[in-house]
Amino acid sequence: PDFPVEELRTLRRWRDIDAFREALRQSASAGRPPYTFYDGPPFATGLPHYGHILAGTIKDVVTRYAHQSGFHVERRFGWE
């Protein structure tokens, strides 16, 4: 298979069906138990550095795993 072509086809399909929002909608309407993840303010310890990237990646993995494990994970950005 032509992987670059397949990747573009897949990305187009996900965009057409609005896959991310649809997954959230389905998990909310299915009555899944909520999973709450409280995140601290960004860059509380100064300028961005590798530690911030690593922490952000770990937070993303944790919430994605919770969603795939049957929880409804609300994605809310910001502190206000």
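**Close-up views of a predicted model**

Arg21 is exposed, with a relative accessible area of 58% (exposed means over 50%, buried under 20% and partly exposed in between, using a 1.4 Å probe and protein chains only). This is a predicted model, in which local features need pLDDT of at least 70 and side-chain atom pairs count only at pLDDT 80 or more, while totals for chains, interfaces and linings use all residues. Residues are numbered from 1 along each chain as its sequence is written, and side-chain values use heavy atoms, with hydrogens and water left out.

**View A. Arg21 and Asp18 meet in a salt bridge.** The N to O distance between these two side chains is 3.6 Å (a salt bridge is a side-chain nitrogen of Lys or Arg within 4 Å of a carboxyl oxygen of Asp or Glu). Counted by this rule, there are four salt bridges. Find Asp18 in the loop between helix 1 (3-17) and helix 2 (19-29) (helices are DSSP runs of H or I with at least four residues, strands are runs of E with at least two, and both are numbered from the N terminus). Asp18 is partly exposed, at 35% relative accessible area. Now look at the backbone: just after helix 1, Asp18 has a positive phi of about 50 degrees, and Asp18 is a residue other than glycine.

**View B. Glu6 and Arg9 form a salt bridge.** Their closest N and O atoms are 2.6 Å apart. Both residues lie in helix 1, three residues apart, which is about one turn of the helix. An α-helix has 3.6 residues a turn, so residues three or four places apart point the same way. Glu6 is partly exposed at 33% relative accessible area, and Arg9 is also partly exposed, at 45%.

View C. Glu22 counts as partly exposed at 27% relative accessibility, and so does Arg25 at 47%.

**View D. Helix 1 contributes Trp14 to a nonpolar surface patch.** The patch of about 400 Å² is made by Leu8, Leu11, Trp14 and Ile17. Patch residues have over 30% relative accessible area and no salt bridge; like charges are joined within 9 Å, and nonpolar side chains (Val, Leu, Ile, Met, Phe, Trp, Tyr) within 5 Å. Accessible areas come from the Shrake-Rupley method with a 1.4 Å probe, and for residues only the protein chains shown count as cover.

**View E. Helix 3 has buried residues along one face.** His52, Thr63, Ala66 and His67 are buried in helix 3. Seen down the helix axis, the buried residues of helix 3 fall within an arc of 105 degrees, so they line one face (the arc is that of the directions from the helix axis to the C-beta atoms). These buried residues pack against helix 2, strand 1 (34-35) and strand 2 (72-73) (contact means heavy atoms within 4.5 Å). Turn to the other side of helix 3 and you will find Tyr50, Ile53, Tyr65 and Gln68 exposed.

**View F. Helix 3 covers residues 50-68 and is followed by Gly70.** The 19 residues of helix 3 should span 27 Å, and its end C-alpha atoms are 27 Å apart, in agreement. After helix 3 comes Gly70, with a positive phi near 105 degrees.

Note on methods. Expected span 1.5 Å × (residues − 1).
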